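The following note sets out points for a colleague reading this model.

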Amino acid sequence: MNQNKVTDFRPSGTNSFRRKSQLLKRLGVTFLVVLALSLAGLFVRYIVKSHTAYSVSYLYKKWDEYDFQAVYERSAGILRRSPFNNAALTLHGYAAFFLALSENNTVQAQSYLDEAINNLRIALLDAKPKAFAQIEYMLGRAYFYKNTMSSYYYYADLSVQYLQRAVRDGYRSDDIPECLGLSYAALGMTLESIQAFTEALLVRESDTLLLSIAEQYYKAGHFAAAAQYLFRISVDCKDERIVQKSHLLLGNIYISQERYDEAEKEFQTILEKNENIADAYYGIGVIYEKQGDVIKARAEWRKALRVQANHADALKKIAEYK
């Protein structure tokens, strides 16, 4: 009999229980490892996605998709972390500009334009040579639209300044001559305005442009030249504002040339379409004044004031003949 043999008095199911326990532990550890790896993967994906969403390459991607709102918001996020990131400054300024153009609320549009101008002026300080002239052009356009939205012409000179610099630095765009023409007109620089508008006509003729040139020639006292441009306005022009202004201007030109019957015909053409145009009544009053009939003239000026109580020229005429 072998006395060295140790007898195992444990129940036969004990070994099976230990094996099951070890298996459960291994499964538990494996589950925890898989869970940890999954969470780590999700975290990495979140970080990568977050970084991508606020990266410059993402901005350019959204810019190519014309998603100006996304560019505006994401570039703002980049600028909060890196205020002088030139690409983010530039794209934020561009996006704010285009959002301003699509905004119906004038106050909000002005706010977008201010943001565009501030960001682009900072971007210009450290812009790459390739982008320098384009930023100047966009600043010129931003000041141009800010000027058109303002009650007074406070920004036309800055529009001219930056558009001229953009041209000098080699930037070309078809809308520059027309923007310069309108800005010069706002500044009272009639001859410069005519020159810019004439250059714009070589690119594209429009009723708006023809009217603008005619108005500048009229201010310069070149009535015949002004009338020639008015005659070129399309007879089927759909913009009633342009049609009305062209008749008014032509009527005033005829008054200057002492062609009173033709002048009255222009004013009456306006009133046949709309009886509430104060300038037309005022013009007819001036015709009567020129013909020496002050009583009829005063009657027409009063009609103008009934339509527009603060019509400056009609008020002035009434005061002169009290």
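1. Ser212 has its place in helix 10; helices (H or I, at least four residues) and strands (E, at least two) are DSSP runs, numbered from the N terminus. Ser212 is buried, its relative accessible area being 10%; buried means under 20%, exposed over 50% and partly exposed in between, with a 1.4 Å probe and protein chains only. Leaving aside residues up to four places away in sequence, Ser212 touches Leu182 and Phe197, where contact means heavy atoms within 4.5 Å.

2. On the basis of the values: this is a predicted model, in which local features need pLDDT of at least 70 and side-chain atom pairs count only at pLDDT 80 or more, while totals for chains, interfaces and linings use all residues. Residues are numbered from 1 along each chain as its sequence is written, and side-chain values use heavy atoms, with hydrogens and water left out.

3. The structure holds 16 aromatic pairs. Rings of Phe, Tyr and Trp (its six-membered ring) pair if their centres lie within 6.5 Å; planes under 30 degrees apart count as stacked, over 60 as edge-to-face and the rest as tilted. Tyr217 and Tyr229 form a stacked pair, at 5.6 Å centre to centre and with 15° between the planes. Tyr217 belongs to helix 10 (residues 207-219) and Tyr229 to helix 11 (residues 223-231), so this pair ties together parts twelve residues apart in sequence. Tyr217 and Tyr229 are both buried.

4. One aromatic cluster is formed by Trp63, Tyr66, Phe68, Tyr94, Phe97, Phe98, Phe144 and Tyr145.

5. Which cysteines are buried? Cys179 counts as buried at 8% relative accessibility, and Cys237 is buried with a relative accessible area of 13%. The structure holds zero disulfides, a disulfide being a pair of cysteine sulfur atoms within 2.5 Å.

6. The second largest pocket has a volume of about 430 Å³. Of its 18 lining residues, Tyr60, Thr90, Tyr94, Ala131 and Gln134 are the closest to its centre. Helix 2 (56-64), helix 4 (86-101) and helix 6 (129-149) are the elements that give two or more residues to this lining; helix 6 provides the largest share, seven residues. A pocket is an open set of points on a 1 Å grid over the protein atoms alone, where a 1.4 Å probe fits, with protein on both sides within 12 Å along at least five of seven lines; lining residues have an atom within 4 Å of a point.

Definitions and conventions
Grid points are joined across faces, edges and corners, and a volume is the space filled by probe spheres set on the points.
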